[in-house]
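Here are two exercises to work through with the viewer open. Try each task before you read its solution.

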Amino acid sequence: MHHFFVEKPQIGEKEIRIIGSDVNHIRNVLRISPGEQVSVSDGDATTYRCEVTQMDEECVTAKILWSQEADTELPCRIVLFQGLPKADKMELIIQKTIELGVSEIVPMATRRAVVKLDAKKAEAKNKRWNAIAESAAKQAKRAVIPAVKPVMDFEEAVRYASAMNRKFIPYELARGMDATREAFQTIHSGDSVAIFIGPEGGFDEQEIEMAKRAGILPITLGRRILRTETAGMAVMAILMFQLEKSAVL
């Protein structure tokens, strides 16, 4: 079943109005017809099962059949701080980590990052990345669309993470997996969690020292060296498994 997002003012007592770019997608790409059912989220806490009743070039109207509190979100806010990778790897990282439950993504310009974005390119990239985030959230039937923040440098990212409850930075010189397991077991429902992932060249020692001073804990993800596009997904998969361990599948 196809899933869409609307603003709360578009939700009435008995029906929902879908507007914007989704209208063309519904009518001309998905070719949904009146009588078919769709899933709609208010971008907060409620998911609606609806039946399409009417459509024109500017609006799709759907009758609300029932609604329920959304159960697709993890019980923690997890923010992925991702060092800028080469090529189109960022698009893959955004897509897959959103499928796994990430709450927000912060692209970082780090010292060893090969990619350098000027203001104009960064703005265009951010627009593209947020479009991918929305598409991934729809595919995964998320209750919210995780935001991709504007690019920050490493120091800005560390400051942004300062108020979060748990902060981790995978690093090849960190202690063994037992320490990582113990660190992840300190995460509880309602916590905010920061995960820092380096670019292809990893973090340099000065960045690691800055992270440590800010209370960001170095951890290991195992004996193998993971690519930058793999590391964030690995952490999200571990946390998804741990945090949803009591969920009924």
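Predicted model: local features only at pLDDT ≥ 70, side-chain atom pairs only at ≥ 80, totals over all residues.

Residues are numbered from 1 along each chain as its sequence is written, and side-chain values use heavy atoms, with hydrogens and water left out.

**Exercise 1.** Find which residues of helix H1 (residues 21-29) are buried, and work out why they sit on the same side of H1.

*Solution.* 
- Step 1: pick out the buried residues (under 20% relative accessible area, 1.4 Å probe, protein chains only). For H1 these are Asp-22, Val-23 and Ile-26.
- Step 2: check their directions. They cover an arc of only 110° around the axis, so they end up on the same side of H1; the arc is taken from the directions from the helix axis to the C-beta atoms.
- Step 3: look at the cover. Strands E1 (3-5), E2 (15-18), E4 (46-55) and E5 (60-69) are included, along with helix H3 (119-139).
- Step 4: Arg-31 follows H1 and has a positive phi, near 55°.

**Exercise 2.** Describe the lining of the largest pocket.

*Solution.* 
- Step 1: start with its volume, about 470 Å³.
- Step 2: go to the centre. Of the 24 lining residues, Pro-170, Glu-172, Ile-225, Leu-226 and Ala-231 are the closest to it.

Conventions:
1 Å grid on protein atoms, 1.4 Å probe; cavity = no way out; pocket = protein on both sides within 12 Å on 5 of 7 lines; lining within 4 Å. Points joined across faces, edges and corners; volume = space filled by probe spheres on them. Buried < 20%, exposed > 50% of the residue type's maximum accessible area, 1.4 Å probe, protein only. Helix = DSSP H or I, 4+ residues; strand = E, 2+ residues; numbered from the N terminus. Contact = heavy atoms within 4.5 Å.
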